[in-house]
Amino acid sequence: MTALTLFELAIRSMRKNMKQYYLYFFALMMSATLYFVFAALQNDAAILTATFGDVQFASLFKASGFLLLGIAAIFMLYANSIFLKRRSREIGLYQLIGLTQNKVSLLLIIENMLLGLGALLIGIGAGALMSRLFLLILMKLIGIQGVITLTFSSEAAVQTAYVFAALIGLTIIQMLSKVYRTTLLDLFKAERQSDHPKQPNQILSAVIGLIGIALIATGYTVAGKLSGAQLPMQILIILVSTIFGTYLLFRVTIGWLFYRYRRGKNGQLGLTNSLSLAPIMHRLKANANSLTLITILSAVTLTMVAIAYSLYYSSETEARAMLPYDFILENNRQEAAAFRTELEKAGIGFNQVNIEAVGLKGTFGNETNGKSRSVLLLPAEKLQKNDIDVPQPGTAVWYKGQRNALEQETDTAAFPLTISSEGSKLQLDIQVAKTLDRYAMNYSLSGRQLVVSAATLQSIREQLALHGEQAIVDIDAYHIMAKSDYAAASELYAKHVKAEASMPDYYSYSRDSLQKFGLIIFTAGFLGLIFLIATGSILYFKQMTEAEQEKKSYTILRQLGFGEREIMGGILRKQLFVFAIPLAIGIVHSIFAIKTASALTLSDITFPAAVAIAFYTLVYFLFAALTVGYYRRIVAAAL
């Protein structure tokens, strides 16, 4: 047989199998499209300059590209293995009519290369058209108002071609392994291979099932008690226990529960349960790996997208928590007066407050190392517009700032806490009544922020003056009345702050946070879309295979007089199990992960998490609807 006839045979085979390949081809095309867009944004100099000023985020973007490549590789190999299994009989027939293994391998390679080349070319073309849309989305997320031109990136096209050539190469190796390492008899029996559920050992199954649940519970428990000191080990424990527990859940626990249900029915399942529970029980062991992978990927996707969305959603709130005042100037009355004058000339409405604080060195009672700390005493009455309560006379409230849930230091102080001043002729003991995890003033001020009443602060100042000491910190703080004036006021403020001084203003800080978190959610959305396509497609491909294997059963049922509606009732319940169980477990995994991550933000994470879960569930069940439609066509054609 010549190469030409092999090529013709490959074309005919592709036409015959197009109804099986169309979604696989679409998924390949979407992967190529998204990767090209990702590579185009990554390689464009103008975009790099505008978005990736921070080297760490440029590295994050590159690392995300590798992760995108990894999930695309897993998807292609998994999907290809499903299709190879479906075509095992066809491959066996080719060998039976006289084609050598080399010819069969070449035939499959031609098919795969044509599919990959077509998906690559269409994907690059679609990516070039969609790049503008994704660029606009990125600019909207990071708050860039200007116009950035985006041209066709030959570097991105070459990079995408190299990546997909490598992926196609992996699938070719997989095909060669299938052809050369599988006997002719095994090829004809491959489609009929399935698990035959036997009566499980009741005690062993119960024990293993409980172990799976216990492992998942262990992961959840550890996730709720993360600490900076043992974070790497805790993350390893969470991953291992959750993944292995999920595998046991699919491998043993769910199958055991189904068996108990069937036994309770004395084997009389009825048509609906026979078409839903029985096929799942027959294939649950074989599908344990794929269901575990889908569940974990779903949990990772939901957690990643929800956290990224929550960070973006709460960026303005957290910026305000870090910087209660829009602008501050410390110990610089001349610049403060000049800044005020410029604001007035520009017609920018503002409120100004002058705060005279006291700066000291002191030792905190709960610190045993005796290290002296900077202390900044602030008058509560001057700060009351920021919801600051006035402490009792002679006491203070320690505003510790935003507490990091993963920080290694723990608050072991017993209140009231005594802070003793050091390096002074006068010995002062300040009684701290409580702490709050927020800032009273902008975080950039040096010293731990202790708020006292004005009378207490005046008493401390008088005592310091009697001993010839002055530790006054003069602070000018500003609130801008209208948000529309933030940008102009920020430009004026930059003139009065030394370049080396770390005195960020609210507008600049919130804008930088918005850009960083915008990049994070953009990257997470890209990866989430690929994960969603991969997991949904894998389930769809597996159900397509099962539908073809069960075609004869539907024909027999139709011949016995069962209608299409009755058969579809059982199929609908089966799809509910197949799609809903891994999705539900993945959502539960993600809820615990999101709950742990919520400690890292000051805002409520519930709304962003709910939006991410709702969107993921909607798209996921679109794949379920496609699967039901495919089954409906199989059942309709059964007679």
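# Reading helices, burial and packing

Trainee: Where does Gln543 lie?

Mentor: Gln543 lies in helix α16, which covers residues 506-549. Helices are DSSP runs of H or I with at least four residues, strands are E runs of at least two, and both are numbered from the N terminus. This is a predicted model, where local features need pLDDT of at least 70, side-chain atom pairs count only at pLDDT 80 or more, and totals for chains, interfaces and linings use all residues. Residues are numbered from 1 along each chain as its sequence is written, and side-chain values use heavy atoms, with hydrogens and water left out.

Trainee: How many helices and strands are in the chain?

Mentor: The chain has 19 helices and eight strands.

Trainee: Is Gln543 buried or exposed?

Mentor: Start with the cut-offs. Buried means under 20% relative accessible area, exposed means over 50%, and partly exposed is in between (1.4 Å probe, protein chains only). Gln543 has a relative accessible area of 3%, so it is buried. In the chain, 48% of the 639 residues are buried.

Trainee: Which residues is Gln543 in contact with?

Mentor: Contact means heavy atoms within 4.5 Å. Leave aside neighbours within four places in sequence. Gln543 then contacts Lys574, Gln575, Val578, Phe579, Thr627 and Tyr631. Now the chain as a whole. Of its contacts with a separation of 6 or more, 84% are between residues 24 or more positions apart.

Trainee: Is Ile520 buried or partly exposed?

Mentor: Ile520 is found in helix α16. Its relative accessible area is 21%, so Ile520 is partly exposed. Ile520 and Leu311 are 209 residues apart in sequence, yet 8.6 Å apart in space, C-alpha to C-alpha.

Trainee: And where is the place of His589?

Mentor: His589 has its place in helix α18 (residues 564-597). With a relative accessible area of 7%, His589 is buried. Neighbours within four places in sequence aside, His589 contacts Ile216, Tyr220, Thr242, Thr246, Thr295, Ile296 and Ala299.

Trainee: Which residues have the most contacts inside the largest nonpolar core?

Mentor: A nonpolar core is a set of buried Ala, Val, Leu, Ile, Met, Phe, Trp, Tyr and Cys residues joined through side-chain atoms within 4.5 Å. The largest has 102 residues, and those with the most contacts inside it are Tyr24, Phe75, Phe526, Phe541, Tyr554 and Tyr620. Helix α16 gives the most to this core, with 18 residues. Another core, of 39 residues, lies apart from it, and includes Ile348, Tyr399, Leu445 and Tyr506.

Trainee: What is Phe526 in contact with, leaving aside its neighbours within four places in sequence?

Mentor: Phe526 contacts Leu34, Val37, Phe38, Leu68 and Phe134, with those neighbours left aside.

Trainee: At what angle do α16 and helix α19 pack?

Mentor: Two packed helices are described by the angle between their axes and the distance between the axes. Axes are lines fitted to C-alpha atoms, for helices over the stretch in contact, and angles run from 0 to 180 degrees between N-to-C directions. Helices α16 and α19 (residues 606-636) pack at about 20°, with axes 10 Å apart. Under 35 degrees counts as roughly parallel, over 145 as roughly antiparallel, 65 to 115 as roughly perpendicular, and the rest as oblique. So α16 and α19 are roughly parallel to each other.

Trainee: What classes of residue are in the contact of α16 with α19?

Mentor: Pro and the residue types Ala, Val, Leu, Ile, Met, Phe, Trp, Tyr and Cys count as nonpolar, Asp, Glu, Lys and Arg as charged, and the others, Gly among them, as polar. Residues of α16 in this contact include Leu532, Tyr540 and Gln543, and those of α19 include Tyr620, Thr627 and Tyr631. By class, the contact has 14 nonpolar, five polar and two charged residues.

Trainee: At what angle do helix α6 and helix α7 pack?

Mentor: Helices α6 (residues 101-142) and α7 (residues 154-181) pack at about 155°, with axes 10 Å apart. That makes α6 roughly antiparallel to α7. Their contact has 15 nonpolar, seven polar and no charged residues.

Trainee: How do the axes of α17 and α19 cross?

Mentor: The axes of helix α17 (residues 551-559) and α19 come within 9 Å and cross at roughly 55°. The two helices are therefore oblique to each other. Lys551, Tyr554 and Arg558 in α17 meet Tyr631, Ile634, Val635 and Ala636 in α19. By class, five are nonpolar, none polar and two charged.
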